[in-house]
Amino acid sequence: MLRPPLLRHARRAHTSAFKNNPHLDEIIRVDHAGELGADRIYAGQMAVLGTSKEGPLIQHMWEQEKKHRQKFEELISKYRVRPTVMTPLWNIAGFALGAGTALLGKEAAMACTVAVETVIVDHYNDQLRTLMEDPQIDKEILDTITQFRNEEQEHHDTGIDHGAEQAPFYQALTEVIKTGCKVAIAISKKI
C-alpha cells in the first residue's frame with residue numbers, strides 16, 4: 001500500500017505525463033477498450049471455428065490481440081487511466097460478434113476481421129498523427145501504437161486473403177460492423 005507522500009508523488013507523475021499530451025488519457029482508455037473487444041471477437045470466432053482449418057489462423061491473430069490487450073492493461077495501470085465503464089458490454093458484444101459472424105461461415109468471420117481492422121487501422125493512424133504533433137511525444141505509446149497498427153493491418157490483409165469478400169452480403173455486413181466499431185470508439189473515449 002502506498003503511503004500518502006508516495007501517493008501524492010504518483011499522482012503528480014500521472015498529472016505531468018498528461019500535461020504534456022492531454023489526449024493520452026483518452027488514447028489509452030479507448031485503445032484498451034478496443035483491444036479488449038478484439039480479444040473477445042477472436043475468442044468468439046475460436047469458439048465456433050477453432051477446430052476448422054481456419055482455427056490456427058484465427059488463433060495466431062487472437063494471440064497477438066491478447067498481447068495488445070495485456071500491454072494496454074499495463075498502460076492503464078502505469079498511467080492510472082480509468083477504463084471505460086462499457087467494459088462488461090464490450091466483453092459480451094465482442095464475443096457475440098465473433099461467434100455470430102463465425103456461425104455464418106469462415107468468410108463472414110474474415111469479413112468481420114476486415115471490417116474491424118479497417119476501422120482500427122484508421123483509428124490508430126489518427127492517434128499517431130495526434131501524438132506526433134506533440135513536441136514531447138511519449139515514445140512508449142507511439143511505438144506501441146505503431147506496432148499494433150501494423151499487426152492490425154496484417155489481420156486485415158489476412159482476412160482479405162482468406163475469403164472475406166466472398167461472405168454473403170459482404171458490403172452490408174462490413175458497413176454495419178464498421179459503424180458499430182466507430183460508435184464503440186466514440187463512447188469509449190468519453191465514458
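**Helix packing and annotated sites**

Reader: Leaving aside its neighbours within four places in sequence, which residues is Lys71 in contact with?
Author: The model is predicted: local features need pLDDT of at least 70, side-chain atom pairs count only at pLDDT 80 or more, and totals for chains, interfaces and linings use all residues. Residues are numbered from 1 along each chain as its sequence is written, and side-chain values use heavy atoms, leaving out hydrogens and water. Contact means heavy atoms within 4.5 Å. With neighbours within four places set aside, the contacts of Lys71 are Glu140, Thr144 and Phe148.

Reader: How far apart are the C-alpha atoms of Lys71 and His32?
Author: Lys71 sits in helix H3, residues 55-78. Helices here are DSSP runs (H or I, at least four residues), numbered from the N terminus. Along the chain, Lys71 and His32 are 39 residues apart. Their C-alpha atoms are separated by 8.4 Å.

Reader: How do H2 and H3 run relative to each other: roughly parallel or roughly antiparallel?
Author: Two packed helices are described by the angle between their axes and the distance between the axes. Axes are lines fitted to C-alpha atoms over the stretch in contact, and angles run from 0 to 180 degrees between N-to-C directions. The H2 and H3 axes come within 8 Å and cross at roughly 155 degrees. Angles under 35 degrees count as roughly parallel, over 145 as roughly antiparallel, 65 to 115 as roughly perpendicular and the rest as oblique, so H2 and H3 are roughly antiparallel.

Reader: How many charged residues are in the contact of H2 with H3?
Author: Ala, Val, Leu, Ile, Met, Phe, Trp, Tyr, Cys and Pro count as nonpolar, Asp, Glu, Lys and Arg as charged, and the others, Gly among them, as polar. The H2 and H3 contact has 13 nonpolar and five polar residues. Its charged residues number eight.

Reader: Is the crossing of H5 and H6 left-handed or right-handed?
Author: H5 and helix H6 (residues 139-161) pack at about 155 degrees, with axes 8 Å apart. They are therefore roughly antiparallel. A crossing is left-handed if the near helix is turned anticlockwise from the far one by less than a right angle, and right-handed if clockwise. The crossing of H5 and H6 is left-handed.

Reader: At what angle do H5 and H7 pack?
Author: H5 covers residues 106-132 and H7 covers residues 170-190. Their axes are 9 Å apart. The packing angle is about 40 degrees.

Reader: What is H5 relative to H7: roughly parallel or oblique?
Author: H5 passes H7 in a right-handed crossing. The contact includes Ala111 and Val119 of H5, and Leu173 and Ile177 of H7. It holds 13 nonpolar, three polar and three charged residues. The angle makes H5, relative to H7, oblique.

Reader: What is the largest C-alpha distance among Glu35, Glu65, His68 and Glu152?
Author: The unreviewed UniProt entry also places "binding site" at these residues. They are spread over 118 residues of sequence but cluster in space. The largest C-alpha distance is 10.4 Å.

Note on methods:
Helix = DSSP H or I, 4+ residues; strand = E, 2+ residues; numbered from the N terminus. UniProt positions renumbered as here; feature names shortened; annotations may be inferred.
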